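Let's take a friendly walk through a protein model, stopping at a few places worth a careful look. Keep the sequence and the 3D view open as you read.

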Amino acid sequence: MLTPTETSPEAEIFDAAAIAAELARLSEVHSGNERELRLEVSRRLRAALARGRAAVEALLISDRHGRRCAERLCAMQDEIVRVLYEFAIKHLYPAQNPSEAEHMAVVATGGYGRGVLAPGSDIDLLFLLPYKQTAWGESVAETILYCLWDMGLKVGHATRSVNECIRAAKADMTIRTAVLEARFLLGDRKLYDELVARFDKEVVPGTTAEFVAAKLAEREERHRRAGQSRYLVEPNVKDGKGGLRDLHTLYWIAKYVYRVREREELIALGVYDPREYRRFRRCGDFLWAVRCHMHFLTGRAEERLSFDIQREIAVRLGYTEHPGLRDVERFMKHYFLIAKDVGDLTAILCAKLENRQAKAMPVLSRMMARFLPRPRHTLSETEDFVVDYNRINVADENVFKRDPVNLIRIFHLAQKYNLAFHPDAMHLATRSLRLIDQGLRENEEANRLFLEILTSKNDAETVLRRMNEAGVLGTFVPAFGRIVAMMQFNMYHHYTVDEHLVRCIGALSDIEAGRAEDAKFATELMRTIQPRHRDLLYVAMFLHDIAKGRVEDHSIAGARIARHFCPRLGFTPAETETVAWLIEVHLLMSTVAQSRDLSDRMTIENFSAVIQSVERLKLLTILTAADIKAVGPGVWNGWKAQLIRTLYYETEPVLTGGFSEVNRAQRVALAQTEFRAELADWTAEEIDAYIALHYPAYWLKVDLPHQIAHARFLRSAAQAGQSLATSVAFPAARGVTELTVLAPDHPWLLSTIAGACAVAGANIVDAQIFTTTDGRALDTISVSREFELDADEARRAARIIDSIERALRGDLKLPEVVAKRETAKTRLKAFAVLPEVTINNGWSTRYTMVEVTGLDRPGLLFELTATLSKLNLNIASAHVATFGERVVDVFYVTDLFGAKITSATRQATIKRALITLLSPPPAAAARRASAAATG
């Protein structure tokens, strides 16, 4: 009973004696009416459960002890089951002289069996019988289950005899795991003891390898579903890599293989030393705290640590803001470091199991799996390392102490010979990090080996990731150590900063090797750069985000880090400056390509003035492609590839001796030739007529698949005699829905489409806007996808299309309808983006550029375009881009007479109107200010 003393905090959680007495009184009041009695019992227990959970939540906020919270919740659940069981056998189904068959043990299994529960966890019960089910046993079990269900709990249950449990455990791995975690609650203890004894004697012997393999296979599949990286910025706390389920898997395996009952026994058996065991407990405590807070906060079994709850949990756990890092970013960094610790603990246990021959031995590259592993042998070039079944291991415990360069060399040799890493070697490397001092960092041999690892064509990404997981990378390059496990609190980046940098190296390797089918242009450029510049590119790629999380601009700070770091690698001052320059401008090409008019000569001249040489242009183009590809799935796409390619080809002639219209004409002609080749079913006359519909800029900015789709769409519309037509596509890689609209062009067209999308609840993340030579607009609008299945998304898209068509026909009064829409989605409410408006006449010869940055929200593009129109501005072109929660929309505008906006007063009016539009309403601003103050 959770009432140890009157003064203990647990006394406020659940007073089992008082509840039992109240239920006894209810049995007298409702005597003879079992249904009413059961409902009343459930109501009383549900109220007691709610009070108990509130008390547990208060204690968690107070002491921040996650595992203790989970144990309190479990103990309260134990008392509820005990109260129900005793109520059933005393007041509902008393057995005066129970036969041997009328005995039962109630056993907790699953997570409940481990003695820990989150607020939304399932309650798994096993009703254990000596023989087959009896009417008495069935009635007692049903009473307990129905009451628990009526209380709103999710209950999993099974009723089996001991024999049935043993048979099922032998046949089914899930049931075997459930029995492994069984915990006696109440009833006949002998039945439970018999089950445990027979399980140990009849199920476990000779099956440890099978069990370990099955659990590790389940772990891999779970990671695949939840996202393979442990550094996803919205991790699954339960099932994700480095989450609670991984800790559970460790315990299952240890318990099965070593037959331990308590985790502490793993120390005596030598599986973990005391320090590692403390890490085990610390990881569990932190993850339980996070998970319990998530359930309490959302009121449901929410396992995904999403953006909209991260900050509130950070505040609950006591994190505060530091210079350059927000409270939520410090919390998430701690989370990812814990996830890394879970990975380390997994590796340690796997090493112990391999020594017992319980686990198959891995190799670094799956391609090597076809070769039979050789037994233990030495490497010809060193006596410090041995190869143990295709895994590199240390020859003895003093390898790193004798020569600290070996901390780098082990990774170099593994990469050179395609070797996996023996867990014992990685464990020793992690425990030897203190040997990496300034002397080693400045050691010529160590830096030569590191540069070869970084620039190797043999899976540099995997080796760098292992260096990072062992702690070697962040200690050898201290600036990298600062960004290990650092997340950026935004919706654009999918991974932590260190994982993004490692993935960038992998993306660059794919581009160089020609494996990146969607970046062939970058591959072609890679083959033309100066050979020495290849190394510079890899180093710049490795360093470009290394200064994230600092107060100053990360590009400038990163360039300064490069100027200190590159001489260590043997780079000349000129080479060092090239790397620093690439880091300083690494965002420029992406920004210009996505938010500027690439057909405007001044845009290209301004960009060229920064780039200055063709070689630098090549390097920046390749780096930009790899950087975007490594942000996350679907971020790099055909549109962006085409824009980057267009910017390159527009800029190259300027850098080689002047702006060349001939060069542009040749590229337009080439694009049209490729287009003709794809339309074999069209006549030459049809193709000529279609090509004449588009201005040259169209052929330079639109990729070939979209050109073909547009052609068939326009042809279909013409055959149907439609002046207004729409089509829908679901590009699998991008996670968006593409809506293409063909309509007569007019100044309010983009605004009308944006408003119609807002009315339908669609959030625009990208827009490609073109005008045909016959006065029609061809706009492709990308909206965030809502449903996983295309069939569901198609129905939603049909509603959006209907809204667009009604708006263009004038059947919708957009301002009024849009105003009624909710102003922000839940996920977006978690973020704050400082509104910024820039008005610039230096990016175009004919137009004023208005650049708007702020927090995205449904209907924002409609509001922006409507506001500009109300300010008597003509929108000549718009460049719409969304980076997670941050929108960057650029409009090229003139006044009603076609002139630039040069008046300072007029510019100030435009800025004021747009800033007001972007700023949150006073109530929302007050809420955010209050939240910031409590952080």
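In strand 7, Asn393 is the bridge partner of Val386. This is a predicted model, in which local features need pLDDT of at least 70 and side-chain atom pairs count only at pLDDT 80 or more, while totals for chains, interfaces and linings use all residues. Residues are numbered from 1 along each chain as its sequence is written, and side-chain values use heavy atoms, leaving out hydrogens and water.

Strands here are DSSP runs of E with at least two residues, helices are runs of H or I with at least four, and both are numbered from the N terminus. Two strands pair if DSSP finds at least two bridges between them. Strand 6 (residues 382-387) pairs with strand 7 in the antiparallel sense, over 3 bridges. The hairpin of these two strands has 3 residues between them, and there Tyr389 takes a positive phi near 50°. Strand 7 is also joined to strand 8 (residues 420-421) by 2 bridges, and these two run parallel. Here Arg391 has Ala420 in strand 8 as its bridge partner.

Which way do the side chains point? In a regular strand they alternate between the two faces of the sheet. In strand 7 (residues 391-394), Arg391 and Asn393 point one way, Ile392 and Val394 point the other way, and all are buried. Buried means under 20% relative accessible area, exposed means over 50%, and partly exposed lies in between (1.4 Å probe, protein chains only).

Now turn to helix 7 (residues 173-180), which is mostly covered, with 6 of its 8 residues buried. Among them are Met173, Ile175 and Arg176. At the start of helix 7, a side-chain oxygen of Asp172 comes to within 2.8 Å of the backbone nitrogen of Thr174.

A cavity is a set of points on a 1 Å grid over the protein atoms alone where a 1.4 Å probe fits but cannot get out, and its lining residues have an atom within 4 Å of a point. Grid points are joined across faces, edges and corners, and a volume is the space filled by probe spheres set on the points. The count comes to 3 cavities of 30 Å³ or more. The largest cavity has a volume of about 100 Å³. Of the 16 residues lining the largest cavity, Asn763, Ile764, Arg857, Leu860 and Leu861 are the closest to its centre. The second largest cavity has a volume of about 70 Å³, and helix 3 gives the most to its lining, with 3 residues.

How values were computed. Polar contact = N/O pair within 3.5 Å; in protein donor to acceptor, adjacent residues only side chain to side chain. 1 Å grid on protein atoms, 1.4 Å probe; cavity = no way out; pocket = protein on both sides within 12 Å on 5 of 7 lines; lining within 4 Å.
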